[in-house]
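Please examine the sequence and the three-dimensional structure shown below. The paragraphs that follow lead from the contact between two chains to individual residues.

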Number of protein chains: 2
Amino acid sequence: MSFRYDIRLSGSGGQGIILMGIILADAAGIYDRNYVAQSQSYGPEARGGSSKAEIIISDEEIDYPKAMKLDLLLAMNQKSYDDYYMDLKPDGVLIVDSTFVSQIHIQRTYRIPFTRIAREKLNKEMAANIVALGAITKLTNMVSQKAIEMATLARVPKGTEKINQDALKAGMAAALRIKKSIIPHIISEHEDEDT
Amino acid sequence: MSFRYDIRLSGSGGQGIILMGIILADAAGIYDRNYVAQSQSYGPEARGGSSKAEIIISDEEIDYPKAMKLDLLLAMNQKSYDDYYMDLKPDGVLIVDSTFVSQIHIQRTYRIPFTRIAREKLNKEMAANIVALGAITKLTNMVSQKAIEMATLARVPKGTEKINQDALKAGMAAALRIKKSIIPHIISEHEDEDT
């Protein structure tokens, strides 16, 4: 029985999406000992525009390294949500930074204000990506807490370990709060408000 | 007329290979305005082991994001050289960190002691990856000097801009020295000493 879990992280240019991808791949691959493939591709329009990173996690070597239908989509801004929500599997997990994403067509969405949390709790808006990594850890169980912590500390600049550890914790706490507040429900054809 | 240029950067776990891949992709994609795909994949054996990153540069959208036969291989240690030199195209460019790679079967190889340069000129062995990026810039002309500088400064930790700029310069200088010292020659069947 093999598994394959396809993840896309997306947002705007300055939000640290690619670093998130690297950390998540390290966590799942090096520390949790899965096979991972991590990639990003972009064109001449990338500057100041959209950014996306893909991670595939599997228990066997990965032949096709590009994400297919998504098990997890993180959208850190409205445009990336608009561009990619249709790539989710029917039972895929959607997480948005509700600081910037307000128009959502999929009811079953985890809405967490990553950027607001980073700004208010850590006084560092740029740590929103690490807050989101913490939330992903608790919302998906695809990486262990230990692995995401080790991978984060190994990749962030020296001297920023403490604030990034706090960012992870803030994201985990927010995820646990939202998980408690969501009543489990059966997926039905009313799931997507647009159809 | 479209072009596609396939690059693999390889070395051991702590040599900053993945950061190199990101910077090179940013330089070629965001700053030089090509299409790029950048990827890495690894398995449970990755910790402390080998590390590789692939970058594809094209003037059109990239369908297949995995490197095929290589136009450029950088090997920062002996194992990565041994594992990958056979993936080079016949006219591909091979660059090795001669601090660690001594057994070479391909005559037409650029041998530059990136790690020794980083240690002796910059007093920071860990900057060997950025020294290598500077050399790649001058040995391949696949990215512009301006682009690699901007991409490097945007990705290295705050406070390390100066040393990384010096690292790029040291790599470029080493590349120009070696280029001058190599007498152009016709590729012949004697090229590969092993055959």
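**The contact between the chains**

Between chain A and chain B there are 0 salt bridges, a salt bridge being a side-chain nitrogen of Lys or Arg within 4 Å of a carboxyl oxygen of Asp or Glu. The model is predicted, and for that reason local features need pLDDT of at least 70 and side-chain atom pairs count only at pLDDT 80 or more, whereas totals for chains, interfaces and linings use all residues. Residues are numbered from 1 along each chain as its sequence is written, chains are lettered from A and ligands numbered from 1 in the order in which they are written, and side-chain values use heavy atoms, with hydrogens and water left out.

Polar contacts do occur between the two chains: 9 residue pairs, both residues at pLDDT 80 or more, are joined in this way. A polar contact is a pair of N or O atoms within 3.5 Å; within protein, one must be able to donate a hydrogen and the other to accept it, and residues adjacent in sequence count only if both atoms are side-chain atoms. On the side of chain A that touches chain B, the elements that give two or more residues are helix 1 (17–31), strand 2 (35–42) and helix 5 (145–155) of chain A. Helices (H or I, at least four residues) and strands (E, at least two) are DSSP runs, numbered from the N terminus. Strand 2 of chain A gives the largest share of that side, 8 residues.

The contact takes 28 residues from chain A and 28 residues from chain B, where contact means heavy atoms within 4.5 Å. About 2400 Å² is buried between the chains, and carbon and sulfur atoms give 56% of this area. Buried area is the accessible area (1.4 Å probe) that two parts lose on being put together, summed over both.

How do the two chains pair through their strands? Strand 2 of chain A and strand 2 (residues 35–42) of chain B run antiparallel and are joined by 7 bridges; two strands pair if DSSP finds at least two bridges between them. In strand 2 of chain B, B:V36 is the bridge partner of A:Y42.

B:R8 lies in strand 1 (residues 4–12) of chain B, and B:E54 lies in strand 3 (residues 50–58) of that chain. B:R8 counts as buried because its relative accessibility is 7%; buried means under 20% relative accessible area, exposed over 50%, and partly exposed in between (1.4 Å probe, protein chains only). B:E54 is also buried, with a relative accessible area of 7%. Their side chains are joined by a polar contact of 3.0 Å. The side chain of B:E54 also reaches the backbone nitrogen of B:A67 at 3.0 Å. Not counting residues up to four places away in sequence, B:R8 touches several residues, including B:L70, B:Y84 and B:D87.

**Buried and exposed positions**

A:A75, in strand 4 (residues 70–75) of chain A, is buried because its relative accessibility is 0%. Among the residues that A:A75 touches, not counting those up to four places away in sequence, are A:S10, A:Y81 and A:V101.

B:N123 lies between helix 3 (114–122) and helix 4 (128–140), and its relative accessibility of 70% is why B:N123 counts as exposed. B:N141 lies in the loop between helix 4 and helix 5 (145–155) of chain B and is exposed, with a relative accessible area of 59%. Phi is near 60 degrees in B:N123, a positive value in a residue other than glycine, and phi of B:N141 is likewise near 60 degrees.
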